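Please look through the sequence and the structure shown here before reading on.

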Amino acid sequence: MTRGARTKARALTRTARFLRDETGAILVLWIMSLVAVVAFVALVFDMGRVQVTHGELQSFADSVALAAAGELDGNANAIARATAAAAEVADTNVDGGDGTLQGAGDYTLTFLSGLPEPDEDDDAYNPELASTAGYVATTDAAARMVQVDATPVSNTVGFLAATRALIGAAAGNTMSTSAQAIAGFTMEACDITPLMFCLPNGSWEAKNNVGQQILLRSGGTVGAWGPGDFGFLDVSDGAVGSTCAGLKGANLVGCLLGAEGNVTQCYSQRGVTMEPGQKEGLNASVFNTRFDRFTSTMNGEEDDARYTVAPNIVSGEVVNCTNDKVTVSTNSIGLPHDSNLNSCITSPSTCPRFGNKSWDYDTYFDTNHGDGNGTLFRDVDNPSLNEDAAFAALIPADFAGTRYGVYLAEIAQAGGATSLTNILTGRQETGRNSCSPNRSSDPKRRVVIAAGIDCTANGIAGAAKNVPVKEFVELFMTNPIGAGEGTGNTKTFNIWVEVIGSLGKSGYGGAGSGGVFRDVVQLYR
């Protein structure tokens, strides 16, 4: 073999050996894997920050939406109140990517009349991309929901950018994050008296007027309704609860207004249907079953367990159960009216409707529970010697100074709602039921829950639909209808009530005896 041939053979052998040699191959695989690992770490780190930011941003949008939605009650200034509530919640530093979220500049509010529906045929179906066209609300009454679009924020994604650059891809170093939330508010009042009344103009609230007496009078079918006018809520089949189910006509109305129990289903605070108060004769009799009076269309219903009598019916009048005749007691009186409403008996056309909370407790106690000498004895130096000391201690602190507090104290002093002891002793009237065998065990039997409506703002002049309720008010019936007001057919259909609280106002709900209230502020998206 020539020298050249040997050299060529050795070269071929080295080449073959090199091709078969795997030494260092792992380094190539390691480098390639390292790039993948670094890229994955970058993705996890940067995308994790993005996800945290999105969570913070979504939480921010949700909180703002819920706060704003809680004020969308359909009443005056709802949008303004919602905007202010949103700003108050947003006025807190929240982590937002490379900055913080704080204040109205970090979101946009859009008030809606309903929930926008996305195009389900769109390949990129996404509820957050639904158009608000046709849903934008510009009035307080129309604004049922609110959409919050948080201002997009940016995250620096340096690791991910470097990795993308390493493999030759576009290497932007920021990523934008956005969030949207839609919330709405509804409040429902269930199992309440289907009664409404017109509130005073302005900022009247029940919680600030506990103890105020109101003279409610039936609103007419023509002319604007004013503060103190009352009417009735929808009594159609859809509003009837289990207690009155199956009844029709006058029997249905009588049950809804006079029975105890689940009388109505739920009324929405956002909009109720009103009926004019033209059923005076019927309504007076059904309201008065609470006072053991079964007259007119309620005659013969004494034994019906639905029409229970309140555990305290002191009224200053005595009822003859045989002929339903009512006579004035000679040694007891009913709960007095507020002093500025006393003229309503003699001059009904000029008297106010809302009282001043000033009423004659001393005369009431001295006449019904004291010695009847016309003066309630008080000892300034030793109040424990006061003529009403033991009685006053039974008045609940929450109702101090109110007729309702006195009513509750009378029940307590007589041993409770189911006791056989009379409320009054040595008087013509006992204060307990005698015509009906069915006495309620609930002191709130003389309490009605009525929808308070701003009749002026809503232009009420009779029947109306979709009227927003400003507040559901708890009202204590201080006197039977017609008590002390004329005789026979001349008795006026006035409902004398005293404010004892609120059971449902825009922005909050609650629960009370005889009614269930639900404040529902929820996220829809």
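## A charged residue to begin with

Is aspartate 304 buried or exposed? Aspartate 304 has a relative accessible area of 19% and is therefore buried, where buried means under 20% relative accessible area, exposed means over 50%, and partly exposed lies in between (1.4 Å probe, protein chains only). The model is a predicted one, in which local features need pLDDT of at least 70 and side-chain atom pairs count only at pLDDT 80 or more, while totals for chains, interfaces and linings use all residues. Residues are numbered from 1 along each chain as its sequence is written, and side-chain values use heavy atoms, with hydrogens and water left out.

## Salt bridges

A search of the whole structure finds 8 salt bridges, each being a side-chain nitrogen of Lys or Arg within 4 Å of a carboxyl oxygen of Asp or Glu. Aspartate 304 takes part in one of them with arginine 306, and the closest N and O atoms of this pair are 2.9 Å apart. Arginine 306, with a relative accessible area of 26%, is partly exposed.

Another salt bridge brings together the side chains of arginine 353 and aspartate 229 (3.2 Å, N to O). This pair links distant parts of the chain, since arginine 353 sits in the loop between helix 7 (343-346) and helix 8 (361-368), whereas aspartate 229 belongs to strand 8, 124 residues apart; here helices (H or I, at least four residues) and strands (E, at least two) are DSSP runs, numbered from the N terminus. Arginine 353 counts as buried at 19% relative accessibility, and aspartate 229 is buried with a relative accessible area of 12%. A further salt bridge joins the side chains of arginine 293 and glutamate 317 (2.8 Å, N to O), and both of these residues are buried.

## The interior

Which residues have the most contacts inside the largest nonpolar core? They are Phe197, Phe287 and Leu475, in a core of 61 residues, a nonpolar core being a set of buried Ala, Val, Leu, Ile, Met, Phe, Trp, Tyr and Cys residues joined through side-chain atoms within 4.5 Å. Helix 10 (residues 403-413) gives the most to this core, with 6 residues. Apart from it lies another core, of 22 residues, among them Ala82, Ala143, Val146 and Ala150. In soluble globular proteins, nonpolar side chains tend to be buried together.

Phenylalanine 197 touches several residues (contact means heavy atoms within 4.5 Å), including Ile214, Leu216, Asp229 and Phe230, when residues up to four places away in sequence are not counted. Strand 7 (residues 213-218) is largely enclosed by the rest of the structure, because 5 of its 6 residues are buried. Strand 7 pairs with strand 8 (residues 229-233) in the parallel sense over 2 bridges, where pairing requires that DSSP finds at least two bridges between the strands. Within this pairing, serine 218 stands opposite phenylalanine 230. Helix 5 (residues 249-258) is also mostly covered, as 7 of its 10 residues are buried.

## Partly exposed positions

Glutamate 56 is found in helix 2 (residues 25-69) and counts as partly exposed at 30% relative accessibility. Although glutamate 56 and alanine 179 are 123 residues apart in sequence, their C-alpha atoms are 9.4 Å apart in space. Valine 521, in strand 18 (residues 515-523), also counts as partly exposed, at 32% relative accessibility.
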